[in-house]
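Visitor: I'm new to reading protein structures. Could you walk me through this one?

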Amino acid sequence: MKFALITLAAMFAGSAAGQAQTVSITGAGSSFAAPLYGKWAEDGAAATGVKLNYQSVGSGAGQKLVIARTVDFGASDAPLTPAKLHAAKLLQFPTAMGAESIAINLPGIGTNQLRLSGPVLAAIYSGKITKWNAPEIAAINPGVTLPDLAVAPVYRADGSGTTFVFTTYLSKISPEFASSVGAATAVQWPAGTGAKGNAGVAAAVNNTIGGIGYVEAAYAVLNHLTTTQLQNHDGQFVTPTHDAFVSAAAHADWLGAKNFAVDLTDQPGATSWPIVSATFVLLPTNATDPKQTAAVKKLFAWAFTSGDASATSLQYVTLPEAVKTAVRTSWQGVGG
């Protein structure tokens, strides 16, 4: 596999006499979180003295790499089960929350002009809705002229936390989808074509008239993708905005979530966006080099203290202070 390597140099600045030695750490996994971790490493360089080399290879690969101890930390949007965390000797903690948008390529349809719903998305990705002017789509888009085009769904071909979150949402909305496809980082899709990473899905949608795909919301904004409205838990059609993500995130049940594994899909609230999730770091509890583990914690400790503005600028939702405190507590006794 050819890894997309994001090299993020974060060199500690200061006088030569007081300068701490730079520590290089490696991380891999979530493409969903890659823009955020890159920004945090860059912004925190002077304060942390940490240089981060991050491989944006998808959550599934990130899990495998940290379990094999070939990276200092893994990154996953799909939380691991308690049994798997115990077996792999891993600590799991959240770093931020984000959302997924639906990108489309329909001539004459502008950004957030089209309305979709969970049942319609489930039917599209199950191969049951094959035309954009299907009655199910027309019924929720009065006044919109829908083209007589084939629907061309695009999905992630790599093991992806983005896919886990999307299929978790569709499984909640559609019992039929839950039983026939289910929720996982990789599933057997009944319809569509696969593409690697957010960039691959976006490129495939943009190159296919009638295309539709699910992508990380910040990626959609930064790349000016045509997105849609989506019907939420309360029956309201909402657009993928930061305020809508914050509204959904406010319902996170952190106290009831073991190992911080909250589920933020299909949350209540008139303004809540329905496809929101936390993203997680997987940190070995038995690292052979405590200095590396200490550097990972140092980077994220800085981010929890000073990285909120950067996260918000990239459309992520920051963790509540109580959750940050709980995460720091969970680090005690792990590494240096």
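Predicted model: local features only at pLDDT ≥ 70, side-chain atom pairs only at ≥ 80, totals over all residues.

Visitor: In which sense do S6 and strand S10 pair, parallel or antiparallel?

Guide: In general, strands of a sheet pair through backbone hydrogen bonds, and there are two ways to do it, parallel or antiparallel. Here S6 and S10 (residues 229-231) are joined over two bridges. The sense of their pairing is parallel.

Visitor: Which strands are at the edges of that sheet?

Guide: The sheet is an open one made of three strands, with mixed pairing, and the order is S6-S10-S11. An edge strand here pairs on one side only. That gives us strand S6 (115-116) and strand S11 (237-238).

Visitor: Let's move to strand S2. Which residue in S4 stands opposite Gly29?

Guide: S2 covers residues 23-29, and five of its seven residues are buried. It pairs in the parallel sense with S3 (residues 50-56) over seven bridges, and there the partner of Ile25 is Leu52. S2 also pairs in the parallel sense with S4 (residues 73-76), over three bridges. In S4, the residue opposite Gly29 is Ala75.

Visitor: Is Ser59 buried or exposed?

Guide: Ser59 sits in helix H3 (residues 59-67). Leaving aside neighbours within four places in sequence, its contacts include Gly29, Ala75 and Gly159. Its relative accessible area is 1%, and the cut-off for buried is under 20%, so Ser59 counts as buried.

Visitor: Which residue has its backbone nitrogen 3.0 Å from a polar atom of the Ser59 side chain?

Guide: Look through the contacts of Ser59 again: among them are Ser76, Asp77 and Ala78. The one whose backbone nitrogen lies 3.0 Å from that polar side-chain atom is Asp77.

Visitor: Which residues touch the most other members of the largest nonpolar core?

Guide: As a rule, in soluble globular proteins, nonpolar side chains tend to be buried together. The largest nonpolar core in this model has 87 residues. A second, separate core has 11 residues, including Val71 and Leu282. Back in the largest core, the residues touching the most other members are Tyr37 and Phe73.

Visitor: One last thing: how far does helix H12 reach from its first C-alpha to its last?

Guide: H12 runs over residues 290-306, which is 17 residues. Its buried residues include Val296, Leu299 and Trp302.

Notes
Residues numbered from 1 in each chain as written. Heavy atoms only, no water. Helix = DSSP H or I, 4+ residues; strand = E, 2+ residues; numbered from the N terminus. Buried < 20%, exposed > 50% of the residue type's maximum accessible area, 1.4 Å probe, protein only. Polar contact = N/O pair within 3.5 Å; in protein donor to acceptor, adjacent residues only side chain to side chain. Contact = heavy atoms within 4.5 Å. Core = buried A, V, L, I, M, F, W, Y, C linked by side-chain atoms within 4.5 Å. Pairing = 2+ DSSP bridges. Expected span 1.5 Å × (residues − 1).
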